[in-house]
Amino acid sequence: IVSYLVLGNYFFNGLNFFMGNLIMFHDFLLIICYFVLFFILSLMLSMVVFSGSYFNNLGNVVLEVVWTVIPSLILLGLVEPSLTLLYISEAFSFNNGQVLKVVGHQWYWSYNSDLINSVVQDSTDYDSYLITSDLVSGDFRLLEVDLPLVVLANVPLYFFVSSSDVIHSFALPSLGLKVDAFPGRLNVGVSGGVSVGCYWGQCSEICGANHAFMPIGMEALIYF
Amino acid sequence: MPLYGHRFFMQHDFEAPVDTASTKLGSTADPITGKLTAPPYDPRFPNMNKTRMCWQNFVDYHRCVNKFGEEHKPCAWFQWVYKKICPNEWHERWQERVDDDAFAGRLK
């Protein structure tokens, strides 16, 4: 699954490598679910539609062995992509990459990016609010923010997420990332890297009146 | 002093770049300075909750400074780590308390 994705380049909407693999696994799993569902439904339908007695054969050892072995083979087939994804998600364990501090407030996010710090020469937090008025044609209505989180592309990202008041959740679905923000707790979420572009997310834990109006905007740039 | 503190500044001198031009996956160095950009994996804090890692590095920095003086360079490793990962509100608030002798941690 990993190599297939690299060769086929099935990335829609600028997805992450990790999220792309998650989507592939999900599609694969769903096909299996459809097959099982179709098979069971057809059996049930045949019992309803066709007349006949179904109580002749009340014990069949061979049948029981078969319907134990075949599902276990299906599950064995699911082991490989599942474990691969599990280990990929732990692939980046610090050392080099970009450290981003995210603090959730009611009802905005504040970021501290070392990319900005290296330019400004001081550790500055900046707040990111939803833009409600003066939207240009082509902007996204509830996603545009005034100061997005600026990030380096093609570099591992480490999001250290906390909150200053209530529980929020920092979600970037394109990266397959959702990190809860608790007051008094520092959670870390790791992403393997993104390509250049804009990524959006929304607060994913109910946090009051404007919970739906505190989006996350992330811009990935390269340094040249 | 922490038990494992010496291992960090023996392996990763925060002044020197670790992997400037490495092509290994996940080890791209900071293109601006070419130095170590993220704190290395600390096995004392393996899980997702890094609250204690932030607190421990802050405390270790002050213990190091109290024991060896502010000019002792390895102490700056702990400061680098806590400034990297701690939210500013936290370490600024703790620093105020340290300055007022009101910090709830053993710094001597």
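Which residues of chain A does the UniProt annotation "transmembrane region" cover?

Analyst: Happy to. This is a predicted model, in which local features need pLDDT of at least 70 and side-chain atom pairs count only at pLDDT 80 or more, while totals for chains, interfaces and linings use all residues. Residues are numbered from 1 along each chain as its sequence is written, chains are lettered from A and ligands numbered from 1 in the order in which they are written, and side-chain values use heavy atoms, leaving out hydrogens and water.

To your question: the unreviewed UniProt entry places "transmembrane region" on residues 28-53 and 65-88 of chain A. Such positions are given in the numbering used here, with shortened feature names, and the annotations may be inferred rather than shown by experiment. In the model, residues 28-53 of chain A are 85% helix and 0% strand, with their end C-alpha atoms 37 Å apart. Residues 65-88 of chain A are 100% helix and 0% strand, and there the end C-alpha atoms lie 35 Å apart. Helices (H or I, at least four residues) and strands (E, at least two) are DSSP runs, numbered from the N terminus.

Next, the domains. Chain A splits into domain 1 (2-88) and domain 2 (95-221), with bounds from an automatic or database domain assignment. Taken over C-alpha atoms, the centres of these two domains of chain A are 36 Å apart. Six residues of domain 1 of chain A contact nine of domain 2 of chain A, contact meaning heavy atoms within 4.5 Å. The two domains of chain A bury about 490 Å² between them, 40% of it from carbon and sulfur atoms; buried area is the accessible area (1.4 Å probe) that two parts lose on being put together, summed over both. Between these domains of chain A, two residue pairs are in polar contact, both residues at pLDDT 80 or more. A polar contact is a pair of N or O atoms within 3.5 Å; within protein, one must be able to donate a hydrogen and the other to accept it, and residues adjacent in sequence count only if both atoms are side-chain atoms.

Now for the partner chain. Here 31 residues of chain A are in contact with 29 residues of chain B, and the two chains bury about 2400 Å², 59% of it on carbon and sulfur atoms. On the chain A side, A:Asn95, A:Asn96 and A:Leu186 lose the most area to chain B, together 27% of what that side buries. Strand E1 (98-105), helix H4 (114-120), strand E5 (157-163) and strand E8 (187-191) of chain A each give two or more residues to this side. E1(A) provides the largest share, four residues. Six residue pairs of chain A and chain B are in polar contact, both at pLDDT 80 or more.

A cis peptide bond joins A:Gln106 and A:Trp107, with omega about 5°; A:Trp107 sits in the loop between E1 and strand E2 (108-113) of chain A. A:Asn154, a residue other than glycine, has a positive phi near 60°, and its place is the loop between strand E4 (149-152) and E5 of chain A.
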